[in-house]
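Subject: Structure handover

Hello,

Here is the structure I promised to pass on. Please open it alongside this note.

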Amino acid sequence: MFQNEAGTRPRYWLTLASGMLECLCFAGAVFGYASLVFVLKDDGYFSQLCVSIPDCSRQDEQFSLVFTIASFLNNFSTIVNGYIFDQFVHCQTKIANPALSALLFPALSCIAVGGILLLLTNIQVGNLFTTHRSTVITVYNGAFDSSAAVFFIIKVLYEQGVSLCSSFVFLSFCSIIHVLRTFLLMPKSHIPYPLPENYTYGLTCGKANTYNVKKFESMKDCISCDFSHLVASFRSCVLSWLFLWHLLWLSIIQLRHYLFIGTLNPMLNRLANNDPNQVSQYTNAFAITQLCGVLCAPWNGLIMDRHRGKPLSPGESEREADLRSSCLSLFLTSLQCLLFSVCASVPLLPLQYLTFILQVLNRSFLYGGNAAFLSIAFPACHFGKLYGLVMSVSGVISLLQYPFFTLVRGALGGDPLFVNIALILLTLQAFIHPVYVFIHCRKLARHREDAAQNKATYGSTLDETKL
């Protein structure tokens, strides 16, 4: 027993570390788009759309459309991948990021879709660390955010004379890492939760360990058959207020972030009076702050796991305790988004440093909190489908970023003031979700107390009757 445990624990940590490297270097590179746009403009992409040197609004519009499509597919593809996540083996969903070709629209979209697949298949690694499950999930999402710095590195290399093509060819060769990790450090099926004793996986699995896993899977199937009527259906989960308010919460905050990232380059050009040196300086500052996503995300996980190890209230389930603990995380995420929206709306260039900090902090809280909340609020057997659905619907809503951009460029004459005010008011709606979860937890606690009181009253009445 101890020999098996000594062999499995290092494997868990190696899986965690390699998954961190995978998410950090590949998964969310598309969100470093602002750095890539700077290079693409210098390379002459869509330059034929510029009427004059200062007037390149149609060029900016095309770059905005590229990111709109890529970010939409980044989200929308998860509805199919989430179903695969729940139904089939995970190694089949593991694909490598493709090299960037001359076709910017499909290339960036492929990078986005490949990146979200890497994140989705790595989220399950949190099941290996039961007491820190939410923390691991948020750390992976933080690494996903920080990988936006990959395009910043490409920008720096480009300024040092390394061509864009060479950088992406190198990244494509690095994709062999995904293939090797899939076979060596990932299971052929789900990582179960709760985790069975001495659970192991990979090419070196011994017969005894394999038997334990198969035995666990068989037991799990039997339990699912016998108690399936006790598990909430997928339809009831989707139609619950918990899910609907969560969907609205994610959609609003994500729309604000996507619009900011997609329009960052033209915004900096406007505030810097088209000074390329200042635009490059602030673009680099934004990219560097993205690296901090992996440092900010664990804070949210620690907030959500702060009750772990403490005794539960009488009659309180672990799920209820997890849900109650998530209220603070949801509220802080909404508050961060409000502050971020206000700062982004002020047309003052030096203030954008603070905007960048708030943006990366909020984004690291958002996606880690989203995955962690779905994993604790709903049955594990529906996680992949719910994650895919919430990301896909929010991706459809994120398409509004392009009409907002064209509205600013057209009817508003390049002044985003009214759009920013509308987004601030929209952000206020995100506070509904944490308030609802708090009220929901209070109701659950009240029902638990009433049930305990009724049981005590019934018990005393029964004793009196016997006397």
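Below is what turned up, from the overall fold down to single side chains.

Overall picture

Keep in mind that this is a predicted model. The protein has 21 helices and zero strands. Of its 467 residues, 52% count as buried. The accessible surface comes to about 21,000 Å². Carbon and sulfur atoms account for 69% of that surface.

Aromatic pairs

The count of aromatic pairs comes to eight. One of them joins phenylalanine 243 and phenylalanine 378. Their ring centres are 6.1 Å apart, and the planes meet at 75°. That angle is over the 60 degrees needed for edge-to-face, so the pair is classed that way.

What does this pair tie together? Phenylalanine 243 belongs to helix 12 (residues 241–262). Phenylalanine 378 lies in the loop between helix 17 (352–377) and helix 18 (383–398). The pair therefore links parts that are 135 residues apart in sequence.

The cut-off for buried is under 20%.

Ring pairs also link Phe260, Phe286, Phe340 and Phe356 into a cluster.

Charges over rings

Phe340 comes up again here, as a member of that cluster. The charged end of arginine 256 sits over the ring of phenylalanine 340, 5.5 Å from the ring centre. Elsewhere, lysine 385 places its charged end over the ring of phenylalanine 234. In that case the distance to the ring centre is 5.8 Å.

Salt bridge

How many salt bridges does a search of the whole structure find? The search gives one. Glutamate 159 forms it with lysine 155. The closest N and O atoms are 2.9 Å apart. Both residues are in helix 7 (residues 149–159). They are four residues apart there, so about one helical turn separates them.

Glutamate 159 counts as partly exposed, at 40% relative accessibility. Lysine 155 is at 0% and counts as buried.

If you look at one site on screen, the pair of phenylalanine 243 and phenylalanine 378 shows the edge-to-face arrangement.

Best wishes

Key:
Residues numbered from 1 in each chain as written. Predicted model: local features only at pLDDT ≥ 70, side-chain atom pairs only at ≥ 80, totals over all residues. Heavy atoms only, no water. Phe/Tyr/Trp six-rings, centres within 6.5 Å; stacked < 30°, edge-to-face > 60°. Helix = DSSP H or I, 4+ residues; strand = E, 2+ residues; numbered from the N terminus. Lys NZ or Arg CZ within 6 Å of the ring centre and 35° of its normal. Buried < 20%, exposed > 50% of the residue type's maximum accessible area, 1.4 Å probe, protein only. Areas by Shrake-Rupley, 256 points an atom, 1.4 Å probe, with all protein chains shown as cover. Salt bridge = Lys/Arg side-chain N within 4 Å of Asp/Glu carboxyl O.
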